[in-house]
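Here is a short briefing to read alongside the model. Please keep the viewer open as you go through the points.

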Amino acid sequence: MIQFGQLLSQGCDASVLLADNNKNGTVEREAIPNRMLKGFNFIDTIKDEIEETYPGVVSCSDILVLATRDGIVLAGGPYYPVLTGRRDSKESFFDKAMAEIPRPNGNMRGHNIGRIGCEFIRPRLSNFLGTGLPDPTLPPDFLEELKQKCPHDNNTINNMFLEHTAKGLSESAMSYSQRLSVSTFSSIAASFDNHYYKTLMGGRGLLFADQQLMANEKTAAVVEDYSFDDGTIFGTEFAHAMAKMSKEKFGAVAPISILINE
């Protein structure tokens, strides 16, 4: 999700939307942790339509935060209030994104809705941490499922550093939301719920970084709480966290009706 990457690097300033090269010849949206971000075209479309009615008033950063909230609601997630009145950044922060945003193959991170490229999963299947063997924590039936879904193919997504890789990720990817099945994957579509945490309780996290949430006593306790019943605890705390994050590095809020977009 675009907003999460944005919040983790510089705050809600829409710097991740910038496409022009900065002085280093790189832009934030091209940083490896952001390679799988999608939806830039939707933000552009919303911005164009708003500009026709309210030129120079509504910032891209406000659009990004509001669109994220509404997208979560449409996917079945909780509604939460967000403040408006942000100004857009004129600078992209490639180095900060590379250094501060967790990568899909990192040590610990959480997900909910989305897809992950198979190149981030394959190391667990045959060469975990350079051992030449599968990740020993993978349940045998789940290992076989992953191998079927992400077969080893050198012609498919073999270098995440190449530009064409980011464009091809969706062709060989898996949804974070997978049913706890015995022999086959069954996607539950793009719904926002606590199924991700239920999969972790069963040892079936897609990524090593996912399953590591169960390796730490404190994070495992959180996973257990979030996996409970219909996900009320998770939904409530998620809404609170998103409302809080939307204010991060925001400062004083100016009324959006008089804020001139930069």
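Which residues of helix 10 (residues 217-226) are buried? They are Ala220, Val223 and Tyr226, where buried means under 20% relative accessible area, exposed over 50% and partly exposed in between, with a 1.4 Å probe and protein chains only. Seen down the axis of helix 10, these buried residues fall within an arc of 125 degrees, so they line one face of the helix; the arc is that of the directions from the helix axis to the C-beta atoms.

This is a predicted model, in which local features need pLDDT of at least 70 and side-chain atom pairs count only at pLDDT 80 or more, while totals for chains, interfaces and linings use all residues. Residues are numbered from 1 along each chain as its sequence is written, and side-chain values use heavy atoms, with hydrogens and water left out.

**The chain as a whole**
- The protein chain has eleven helices and two strands; these are DSSP runs numbered from the N terminus, helices being H or I of at least four residues and strands E of at least two.
- Along the sequence, the pattern reads α-α-α-α-β-α-α-α-β-α-α-α-α.
- The chain has 262 residues, and 45% of them count as buried.

**More on helix 10**
- Glu217 and Lys218 are exposed residues on the face of helix 10 turned away from its buried side.
- Helix 8 (195-201) and helix 11 (232-245) are included in what covers the buried residues of helix 10.

- Beyond its neighbours within four places in sequence, tyrosine 197 is in contact (heavy atoms within 4.5 Å) with His111, Val223, Tyr226, Ser227 and Phe234.

**Aspartate 13**
- Aspartate 13 sits in the loop between helix 1 (2-9) and helix 2 (40-53).
- Aspartate 13 is buried, with a relative accessible area of 12%.
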